[in-house]
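Subject: Structure handover

Hello,

Here is the structure we talked about. My notes follow below it.

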Number of protein chains: 2
Amino acid sequence: MTEQPADAFLAELRAIVGDERVVADDTGMASYLTDWRGRFTGRARAVVLPADTGEVAAVVAACAAARVPLVPQGGRTGLVLGSVPDAGGAAVVLSLRRLNRIRAIDPANRTMTVEAGCILQDIQEAAGGAGMLFPLSLAAEGSCTIGGNLATNAGGTAVLRYGNTRELCLGLEVVTADGRVWDGLRGLRKDNTGYALRELFIGAEGTLGVITAAVLKLYPQPKAALTALVALDSPRSALALLGLVQERCGAALTGYELMSDFCLRLVATHFPALPKPFAARHPYYALVELSSNESETHAADLVASSIGAALEAGVARDAVLATSSAQALGLWKLREHIPLAQAAAGKNIKHDISLPVSSIPDFIAHTDAVLQSAFPGCQVVCFGHLGDGNLHYNVAPPDGIGHEDFLAHQARVNRLVHDSVAAMRGSISAEHGIGALKRDELPRYKPAVELDMMRAIKAALDPLGIMNPGKIL
Amino acid sequence: MTEQPADAFLAELRAIVGDERVVADDTGMASYLTDWRGRFTGRARAVVLPADTGEVAAVVAACAAARVPLVPQGGRTGLVLGSVPDAGGAAVVLSLRRLNRIRAIDPANRTMTVEAGCILQDIQEAAGGAGMLFPLSLAAEGSCTIGGNLATNAGGTAVLRYGNTRELCLGLEVVTADGRVWDGLRGLRKDNTGYALRELFIGAEGTLGVITAAVLKLYPQPKAALTALVALDSPRSALALLGLVQERCGAALTGYELMSDFCLRLVATHFPALPKPFAARHPYYALVELSSNESETHAADLVASSIGAALEAGVARDAVLATSSAQALGLWKLREHIPLAQAAAGKNIKHDISLPVSSIPDFIAHTDAVLQSAFPGCQVVCFGHLGDGNLHYNVAPPDGIGHEDFLAHQARVNRLVHDSVAAMRGSISAEHGIGALKRDELPRYKPAVELDMMRAIKAALDPLGIMNPGKIL
């Protein structure tokens, strides 16, 4: 660590967490200041790494007393600049990484109590070790923390069956903006004793308080999960297939992902070693996962009968059923490699949007046409969690235009796509949040009365405005 | 209607909703002022019956301008005095009953948009008519309204599988305390664009604003639902059976109700025509419902195999499987007649509590002992939604003491039971809410920091304090 200037405030932080846990030199701070996609680097007065909830509370109280803004940070895998400080350099980054204990597992209540800094994958594994399932699953699970998942109400691939992070949390421990500890670590399925504070902190992106621990819901481990890739004519067929499978399989449907042909061609180009399930090309594909708590045979029956019915009814053009877990993994890899293939092809303009599921076909048709009219030849990388109405609808340049050059049109592309979303009563951020990245877009799409209520709540719970300023509002 | 005194404020309300929709005479108001259980009658300045959201907003704005408190009211079936005015007589009762339109059903999105005054059963039937299920189900469904269900985050018998009312709602329309309309009627499964205002209004019992409409989630109709009554040694066996069935059947488990032998004897005494499933007596019983989206055969297989395994493992003492829907109805009637049998036996001291599911056996043993020590010979009517950790743990007098006389001990009984709940990190109101009835108990069981945050939010969203004053806080 390089020599620091005398600073009474930092000395106070050091007295709380220990000298080594206050990082104030540029080299030491660097990895905490740049966002995951490498698009932005902020500045900070220091990075503080408390060890437990008591230290977090003391740090927040010190910041409140000194009117120093705080930026809570987990695994720093967010995509909307929610967990990095701005360029001003006045803020302290509060890293929750050292709060990484699994405090308790209660198998008969199907809950576990974890600290905010636990890595999602470690939680999944601890649940698995106790014979249960924590279903939250997303690309960054090897490095994101549950505190960040809660602060952003993370989604992922299991939302269709198990809900967003919000639905997987029964209780919270929170350090409030004035440095008090709220013990709301309840493991209750029903509790109607006042306002939904838990819900308010979930998804607030650290702007109302700091989540330090949570009680999570666990589920029985399915005995089997089988995957099929189904070739389809159109998004409308994908919707029809979704309805058919839900009708026949109910909660056994645990995954339903849509991919356009362009997505799979992109993957084939950049990852030629991955499987190519169909000899022919088809306009769209759905990745369908069915799980059974009973047996592998039961799961196989569900897949065969529902996909069989879809083929018979002409809803599906063709289908490949994975007959081994290796094959299933191969099909899922196609889906997971879409963002990687995109990145390999060059930067493009990303959108994380949601719509009523029933509006997806019209949205795609309408927005594709709007974009073609504005940017003839542009290419849409359209994939996502169709069962939740959540599309990653990304726009790449026409052939002959460079990816970097095309980024100059980002604001206009965003406007066209998000206006189309709003016209169909959708959301401009389905699972990533608002952060600093989409903050300026929010007033265009949120009713004024809603923004007013959000501002009133912010002022009520963080009257000094020190909690993650410049994010969301 | 009798002659009214001149009153400029009431004239303003009449100008908004029409003369006939402002009721200010004692006879006309009577049915709006007394709570469901007939325990309390309040007073009001008038009862107002707006026809639509615009009229609600105008009424609230008029009340805000005149600083007149408002009591939103639905079907008036609440159990905690949440929807009746206090004795002061200053408040206006705002009945939502005329907002009773089903605005839209979107089968492909599995949602319906309904107004707050819709009766729950009408919503269930409309969903059924469209081939889908709205799963919220509770005793008052023939007269309670969805607005009240949302305002109290109602529970019921399907929570284990489908969640509380909170989990069944995707969007809200709300009239704020200053008379503006917030259109949050989104039908989205994922939407991370700011604070969880929807969640905040749900369960706030009308103290933050008036819910006027909602987007509800629909589910596929199960193809079959089969019921078994299982005889058990103890609450601990009931917990073991629950774990076994969840493990084998997953989401197919759609109901799991616990009943003590005393409950069933009470029902047999007061409703001798109802079925008596077992020749012998057993300490406890679990009512188990398993549903299948596939077929009746599949549901029957699930029941036979899981209950069979429980008998084989010695977890269950005996079991009766309903082999017809008439038989299933008979078993459910036993459960539903417990409150009626209690009422027939005389008033008793009721508790609507929840606990971590794993703590239920210890809670019952401990609290039974505490009560026997304080009131030797008292009788506990213990039943409820074990799968959600929710017990209706009601206390009847010892033989020889009159039910009315025993009510004199209500405060002490409540204290003993609720202190026992709190010691095990449970909730003193699982599904009924706080209202006016439990308001004074709340500070004993809620952390001060939580109450402070609730008060700050109340002041932020209802700065004049006109929304259902005296409820919750």
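Leaving aside its neighbours within four places in sequence, which residues is Ser306(B) in contact with? They are Leu244(B), Val245(B), Arg248(B), Cys249(B) and Leu290(B), where contact means heavy atoms within 4.5 Å.

Some ground rules. This is a predicted model, in which local features need pLDDT of at least 70, side-chain atom pairs count only at pLDDT 80 or more, and totals for chains, interfaces and linings use all residues. Residues are numbered from 1 along each chain as its sequence is written, chains are lettered from A and ligands numbered from 1 in the order in which they are written, and side-chain values use heavy atoms, with hydrogens and water left out.

Buried residues

Ser306(B) sits in helix 10 (residues 296–312) of chain B. Helices (H or I, at least four residues) and strands (E, at least two) are DSSP runs, numbered from the N terminus. Ser306(B) counts as buried because its relative accessibility is 0%. The cut-offs are under 20% relative accessible area for buried, over 50% for exposed, and partly exposed in between (1.4 Å probe, protein chains only).

Ser260(A) lies in strand 13 (residues 253–260) of chain A. Its relative accessible area is 6%, so Ser260(A) is buried. Not counting residues up to four places away in sequence, Ser260(A) touches Pro283(A), Tyr284(A), Tyr285(A), Val380(A) and Cys382(A).

Arg335(B) belongs to helix 11 (residues 325–345) of chain B. At 8% relative accessibility, Arg335(B) is buried too. With residues up to four places away in sequence not counted, Arg335(B) touches Glu257(B), Met259(B), Leu287(B), Phe383(B), Gly384(B), His385(B) and His392(B). Take the Glu257(B) pair: 78 residues apart in sequence, Arg335(B) and Glu257(B) are 7.9 Å apart in space, C-alpha to C-alpha.

Positive phi

Most residues other than glycine have a negative phi. Arg110(A) has a positive one, near 55°. Arg110(A) is in the loop between strand 5 (102–106) and strand 6 (111–115) of chain A. With 8% relative accessibility, Arg110(A) is buried.

Asn153(A) also has a positive phi, near 50°. Its place is the loop between helix 5 (146–151) and helix 6 (159–162) of chain A. Asn153(A) is buried, at a relative accessible area of 5%.

Helix packing in chain B

Start with helix 1 (residues 8–17) and helix 3 (residues 53–66) of chain B: their axes come within 9 Å and cross at roughly 165°. Axes are lines fitted to C-alpha atoms, for helices over the stretch in contact, and angles run from 0 to 180 degrees between N-to-C directions. Helix 1 and helix 3 of chain B are therefore roughly antiparallel. Angles over 145 degrees count that way; under 35 is roughly parallel, 65 to 115 roughly perpendicular, and the rest oblique. Helix 1 of chain B contributes Phe9(B), Glu12(B), Leu13(B), Ile16(B) and Val17(B) to the contact, and helix 3 of chain B contributes Glu55(B), Ala58(B), Val59(B), Ala62(B), Cys63(B) and Ala66(B). By class, this contact has nine nonpolar, no polar and two charged residues. Ala, Val, Leu, Ile, Met, Phe, Trp, Tyr, Cys and Pro count as nonpolar, Asp, Glu, Lys and Arg as charged, and the others, Gly among them, as polar.

Next, helix 8 (residues 235–249) and helix 12 (residues 360–374) of chain B pack at about 165°, with axes 8 Å apart. Helix 8 and helix 12 of chain B are therefore roughly antiparallel as well. Their crossing is right-handed. Pro235(B), Arg236(B) and Leu239(B) of helix 8 meet Pro361(B), Asp362(B) and Ile364(B) of helix 12. The residues divide into four nonpolar, no polar and two charged.

Helix 12 of chain B also packs on helix 14 (residues 410–423) of chain B, at about 155° with axes 10 Å apart. That makes helix 12 of chain B roughly antiparallel to helix 14 of chain B. Helix 12 passes helix 14 of chain B in a right-handed crossing. Their contact residues are eight nonpolar, three polar and one charged.

Best wishes

Conventions:
Left-handed = near helix turned anticlockwise from the far one by under 90°.
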